[in-house]
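Hi everyone, thanks for having me. Please take a moment to look at the chain on the screen, and then we'll walk through it together.

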Amino acid sequence: MSDSVKWMLLGALSLFFSILVLGNTVIATMAVTTLTGAMLMVSGVFQVIGGFSSTESTGSKIFGILMGLLMGFLGTNFLFNPLQGAISLTMLILILLISSGIVRLVFAWKMRSTVYFWPMILSGAISVLLAGYIWTNFAAASLTFLGIMLGIELMMNGFSLIVIGLSSRSQRD
């Protein structure tokens, strides 16, 4: 099997999973939250181990251990309370969207005499509007937003992999 066929099959598989995820965004959101919780727990354990084995000052050791315990606690909370974890992650994304959107709008205003003004305004406005949409529909967004983002990412990934496969096939021929 050629590399281009492998890329296209991987892309088709990613597209298939994007359809599954977008078909049930609530379950996908819970899966994202659970996976995030597991990763936080594992990171917390390694952080605590790193804190104990650190050769730095006592303050650095204590800080490392406390950060590891905090990550472990947060991960455990996400694992055992995935709905609350989804709400927390959605709120974090909301805060990141609104803050990055405002920063881009401020930068756009400073770049108003350049050709980058309108793309930067558009980018910042979309972020702020998306944050506003999430805020006004927070209850529904908390249950579905992470799943929708995962589905869209899988879809874009699938399209990109198919294009890579087609591109490598055309370059080979």
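Let me start with a term: helices (H or I, at least four residues) and strands (E, at least two) are DSSP runs, numbered from the N terminus. Before we use it, two notes on where this comes from. This is a predicted model, where local features need pLDDT of at least 70, side-chain atom pairs count only at pLDDT 80 or more, and totals for chains, interfaces and linings use all residues. Residues are numbered from 1 along each chain as its sequence is written, and side-chain values use heavy atoms, with hydrogens and water left out.

Now, the surface. Which residues make the nonpolar surface patch of about 640 Å²? They are Trp7, Leu10, Leu13, Phe16, Phe17, Leu20 and Ile164. Helix H1, residues 3-23, gives the largest share of this patch, with six residues. A patch is built from residues with over 30% relative accessible area and no salt bridge; like charges are joined within 9 Å, and nonpolar side chains (Val, Leu, Ile, Met, Phe, Trp, Tyr) within 5 Å. The areas come from the Shrake-Rupley method with a 1.4 Å probe, and for residues only the protein chains shown count as cover. A salt bridge, by the way, is a side-chain nitrogen of Lys or Arg within 4 Å of a carboxyl oxygen of Asp or Glu.

Let's pick out one member, Leu10, in helix H1. Leu10 counts as partly exposed because its relative accessibility is 43%. The cut-offs are these: buried is under 20% relative accessible area, exposed is over 50%, and partly exposed is in between (1.4 Å probe, protein chains only).

Next, the inside. Is Ser142 buried or exposed? Ser142 has 3% relative accessibility, so it counts as buried. You can find Ser142 in helix H6, residues 138-172. A polar atom of its side chain lies 2.8 Å from the backbone oxygen of Phe138. Ser142 also touches Thr29, Ala86, Ile87 and Thr90, leaving out residues up to four places away in sequence. Contact here means heavy atoms within 4.5 Å.

With a relative accessible area of 0%, Thr90 is buried. Beyond its neighbours within four places in sequence, Thr90 is in contact with Ile134, Phe138, Ala141, Ser142 and Leu146. Helix H4 covers residues 82-110 and also holds Val103. Val103 counts as partly exposed because its relative accessibility is 43%.

Gly72 is buried, since its relative accessible area is 16%. Its contacts, not counting residues up to four places away in sequence, are Leu40, Met41 and Gly44. For contrast, take Thr136 in helix H5, residues 117-136: this residue is exposed, with a relative accessible area of 60%.

Finally, the record. An unreviewed UniProt entry lists residues 33-50, 62-80, 86-107, 114-135 and 141-166 as "transmembrane region". Its positions are given in the numbering used here, feature names are shortened, and annotations may be inferred rather than shown by experiment. In the model, residues 114-135 are 86% helix and 0% strand, with end C-alpha atoms 32 Å apart. Residues 141-166 are 100% helix and 0% strand, and their end C-alpha atoms lie 36 Å apart.

How values were computed
A polar contact is a pair of N or O atoms within 3.5 Å; within protein, one must be able to donate a hydrogen and the other to accept it, and residues adjacent in sequence count only if both atoms are side-chain atoms.
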